[in-house]
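Here is a short briefing to read beside the model.

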Amino acid sequence: MRRIKKFAAWVLALTMIVSLVLTAAGCSQGADGGGDTGRIVIWHDKEDAVAEALEQELTRLVPDVEFVLEKKTSLTDSLKLSGNDPSASPDLFIFAHDKIGVFAEMGILAPVTDFVSEDALSSYLDMTIEAATYKDVVYELPIYFETLLFMYNRRYMQDDEVPSTTEELYAYMQENTGRGRYGFVEQHSTAYYSAAWIHGFGGSLISEEGEPLLDSDEVKEALAYHLKFVELMPGEAEYSTVNTLFIEGQADATIGGPWMVPSAREAGIDLGIAPMPAVDETGLPLSPYSGVQGVYVLKHAAENKTETVRRVMEALCNPSVGIALAEASGCAPANTVCYDDPAIAADEMVNAMRDTAQIATPMPNIPEMDVMWTVTGNLLSDVNLSGEDVDTAADAAQKQALDLIAAMQ
Amino acid sequence: MSLKREKRRDNPRQKRLPSNAKQRKTTFWSYLCSAPSLILIGLVVVFPILYTGYISLTNMNVYHWFDFDIIGLDNYERALFLVDSGFLSALLATILWTIVNMVIQLVVAFVLASLLNIESLRFRKVYKTLLMFPWAMPGYVSILLWKTGMFNSQFGLLNQWMEKLGLEAVRWLSSDVSAFICCTVVNLWLALPFMIMIMDGALQSIDKSYYESAILDGAGWLRRTVSITLPTIRPIIGPAVIITVFTTFKQFDVVYLLTQQAGAKTGSHFHTLITYTYENAFITNNYGYSSAISILIFVLLLVFSWKFHLEEKS
Amino acid sequence: MKNRKKMRKRAGLACLNLFFIVLCFVTLIPILYALSVSFNAQNSLLSSDFSFLPRQFTLDNYREVLFGEDILLWFGNTALLAVSCVAISLAVAIPAAYCFSRRRFPGRMAVIRALVLLNSFPAVLSMFAVYRLLRPLGLVNSRAGLVLVYTGTMAVFSLWNLKGYFDTIPVELEEAAKIDGASTFRLVRLIVLPLAKPSIIVTGLMVLIYVWNEYIYATTFMTGEDKYTLAAGLYSLQATEMSGSWPVFAAASIVVSLPVLVIFFLCQRHMVSGLTAGGVKG
């Protein structure tokens, strides 16, 4: 009898747990289970201002569709988990173009050209469409693009002091570095930033076919040359150190993304933006990576909500979207029509970005690039921070890259 | 004393053997009462291991995301190639890391908890609460605070103090040894509050009358500690200690976020087993291969704990 | 003679207090640092000349944390999660731990040993499997899913920790009550639970702190800022290079930690063992 009572108590408790679980499960839906309900879920990892601008534009252009913009901090990791599952993944998402290869190979992306005519894409900057294309299929509708810019603090570096070559930059650094001040700082041991130097030597991290090139002569030369600049920069150079040095006025110049501009202006810095200096030896300018941000369509949404997705994608081609997002993010629109807008045409930042885009290198979008970020980062920290020999370190990194790429298969 | 009793209870043969029917009833009710807990563990702890084992036999990767096949033991064969000098030195570093961290943790926690239990210490509640603060903060927040607030070579508090003392600025996280020490400091800072709390709870459960009679017998502090305190708290803190050993061995956040984070590497080569395999396997998005490595590490851990258990017994 | 002894005792106590004050200060340096940054009007965590007392005192950062961000919403989410996780963890662990401590049945030792070994599986990769588990249950992106994961993750610790403590409670007490005709349920409620209070509180706290601080599952499985927990929200505040102001982040990290500290302070009174107070002599 007593045992039964005790048992009943626990059964009761368990039922409570289960019912709690089930009721809560009822209200848990990602996109809809299927069928075209006129509701579009979009994942993003952008600042609030960008998301709000996008939502406003979309609601204005397609008023009868309900848009749910959800911020996802680890967007790519989550997508790798949820894949093409309609109940857990979004209908569309916004991300840079460098993960296209991974997601396309996984088989969760629908081609953009199923919804948008080739004609509509013809007004986009070639660079952005190239970046959005993987194995001859366009998987991303470009919205805006970003790249790193040479920024300087006019209080310390006069406009006529801005270096046009790397040797000039080095001379400036030698003169202005010391006693807690730096002539120039950058995230010298991060692959995304240092790739600019490698490109400036005509090298590249990985070939279009997915062959790592870390032991190539260009890469080794670039690393060896870059080293003397690193010696005049702080030893730790992750983003918080570099950004703070520049924003606190302790560094005269830096290479940074458009996201640095608002905080620099807020700190009262008279910000100048200049073209990248050219490498004396090759005559090529430092060429940073550029990232094309755009909208992707997941396969399940393409199949189940074809009509709604088509209308949304067509709306996203509207130049007003590019203009609104460029203003919110400080980046440059991908659609050339946007530049007819007087506000965009007059924007100093946008123009600098567009100019740099001419010399910038779009990030590779092949899946093999995924492991190159880590390997290159290791190589840079080995050479710049641990003082290892460039040749040995580069050869070791090349081997690691080959191993990892082989392990992907 | 309670220890003797514990032993007697642990040996069912000394008890009067219950009848078969009664035994069956006990078994049934015991499992029924434990069922909710065991089911939860089965779902969240056991199922992932089995599932990982299953995936390790397939070729699931970026190129075969939905259409993966069972390919047998190929992944294990490839995983064994990862066992090179880098892997072995990471393994050694991890063992050293676990031992150093556990020894310091246990000794410091024991001493502090004993001091906190001195009866005339009036503000112990305040001290205890303050000492718990590191625990109340999300781990990555603390690690970030340490990394940028303390160790950063430009702005870190440590280097600002060094400067005031007229010493050279130090790059704390860039060499292997100092990175190991820094990681250990942060790990201790994060882990000690829990250990102090467990020790404190265990110390409080000791019946004070044992000490009274021991003092009457003229036993000194050391003797009392060795013959009363340690044996009594051992079974109580045992579970927590064992679980902490595994957590320390598996530690990822501290080492990765302080020194190895992609884009913020500091130049140190100190890797634990998990950060090493993360960098050399998990980033490939090859789930089959990564799963095989996870299973291998798991087997390695099983062998260690089995050996450890044997030594403990003898 | 007596006076001297008293003096020495007092001096020792003073030393001890001093020791703990210094220790607390040293331990809290990183937190004092965050505190100072959060009260400072200048916009930088990484100021190159630092003092523990902010030069320009401001509460703006706290105002922004409490009203500018969704902290209050996240706080509610976390509190709900934490309470359900602690309740469920204890509800499932106490009966199981009691059975494993008191009853003798086949498979008992095997299960206990297996549990701790299984718990050693590196969690870096179990994320994927956990996802595969939650999806068919429809629990992705739901709080119930998180509750399941959290209680499951902590279940081994809870079971083990409570069992270890139950083992130290003399069985004679229960046997005496049994002779008086008490049921097992009454026995546990009236004798075992009060005696095991410290351990139950420690276990509950442990679960609470885990839930409070966990962010990996919370950010990966939950979509949308309105469903974040505090730790996940804080993580998203600093995760991207583009966002996040350091003083606000510092203020947020202090705000997040305070509730746990208050709970800890309140629980301490109850963490004194029933054994020392009770009339059990060995």
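In this predicted model, strand 7 of chain A, residues 141-147, is mostly covered. Seven of its seven residues are buried. Two other strands of chain A pair with strand 7: strand 12 and strand 13.

**Strand 7 and its partners**

- Strand 12 of chain A spans residues 289-298 and runs antiparallel to strand 7. Six bridges join the two.
- Strand 13 of chain A, residues 332-333, is also antiparallel to strand 7. Here the count is two bridges.
- Phe145(A) has a bridge partner in strand 12 of chain A, namely Val292(A). In strand 13 of chain A, Phe145(A) stands opposite Ala332(A).
- Strands of a sheet pair through backbone hydrogen bonds, and the pairing can be parallel or antiparallel.

**The four-stranded sheet in chain A**

- Four strands of chain A form an open sheet in the order 9-10-8-11. The pairing is mixed.
- Which strands stand at the edges? They are strand 9 (182-185) and strand 11 (271-274) of chain A. Each has a single partner strand, so one side of each is left without a neighbour in the sheet.
- Neighbouring strands of this sheet are turned against each other by 20 degrees on average, direction ignored.
- Strand 8 (residues 149-153) and strand 10 (residues 251-256) of chain A run antiparallel, joined by four bridges.
- Tyr152(A) faces Ala253(A), a residue of strand 10 of chain A.

**The nonpolar core**

- The largest nonpolar core holds 270 residues. Val297(A) and Leu325(A) touch the most other members.
- What does Val297(A) contact, leaving aside its neighbours within four places in sequence? The partners are Leu92(A), Leu109(A), Ala110(A), Val112(A), Phe115(A), Ala302(A) and Val309(A).

**Two domains in chain A**

- The domain assignment gives domain 1 of chain A as 39-146 + 290-362. Domain 2 of chain A covers 149-287 + 368-408.
- The centres of the two domains, taken over C-alpha atoms, are 28 Å apart.
- Contact between them involves 16 residues of domain 1 of chain A and twelve residues of domain 2 of chain A.
- On the domain 1 side, helix 4 (100-106) and helix 16 (348-359) of chain A are the elements that give two or more residues. Helix 16 of chain A gives the most, with seven residues.
- By class, the domain 1 side has seven nonpolar, five polar and four charged residues.

**Chain A against chain B**

- How many residues does each chain bring to this contact? Chain A brings 33 residues and chain B brings 29 residues.
- Five helices of chain A each supply at least two residues to the side that touches chain B: helix 1 (2-26), helix 4, helix 10 (239-247), helix 17 (369-384) and helix 18 (390-408).
- Helix 17 of chain A gives the most, with seven residues.
- The side of chain A that touches chain B divides into 13 nonpolar, 14 polar and six charged residues.

**Chain B against chain C**

- Here 88 residues of chain B are in contact with 84 residues of chain C.
- Helix 2 of chain B, residues 20-55, provides the largest share of the chain B side, 19 residues.
- That side of chain B has 56 nonpolar, 24 polar and eight charged residues.

Conventions:
Residues are numbered from 1 along each chain as its sequence is written. Chains are lettered from A and ligands numbered from 1 in the order in which they are written. This is a predicted model: local features need pLDDT of at least 70, side-chain atom pairs count only at pLDDT 80 or more; totals for chains, interfaces and linings use all residues. Two residues are in contact if their C-beta atoms, placed from the backbone, lie within 7 Å. Ala, Val, Leu, Ile, Met, Phe, Trp, Tyr, Cys and Pro count as nonpolar, Asp, Glu, Lys and Arg as charged, and the others, Gly among them, as polar. Domain bounds come from an automatic or database domain assignment. A nonpolar core is a set of buried Ala, Val, Leu, Ile, Met, Phe, Trp, Tyr and Cys residues joined through C-beta atoms within 7 Å. A residue is buried if 20 or more other C-beta atoms lie within 10 Å of its own, exposed if 12 or fewer, and partly exposed in between; C-beta atoms are placed from the backbone. Two strands pair if DSSP finds at least two bridges between them. Axes are lines fitted to C-alpha atoms, for helices over the stretch in contact, and angles run from 0 to 180 degrees between N-to-C directions.
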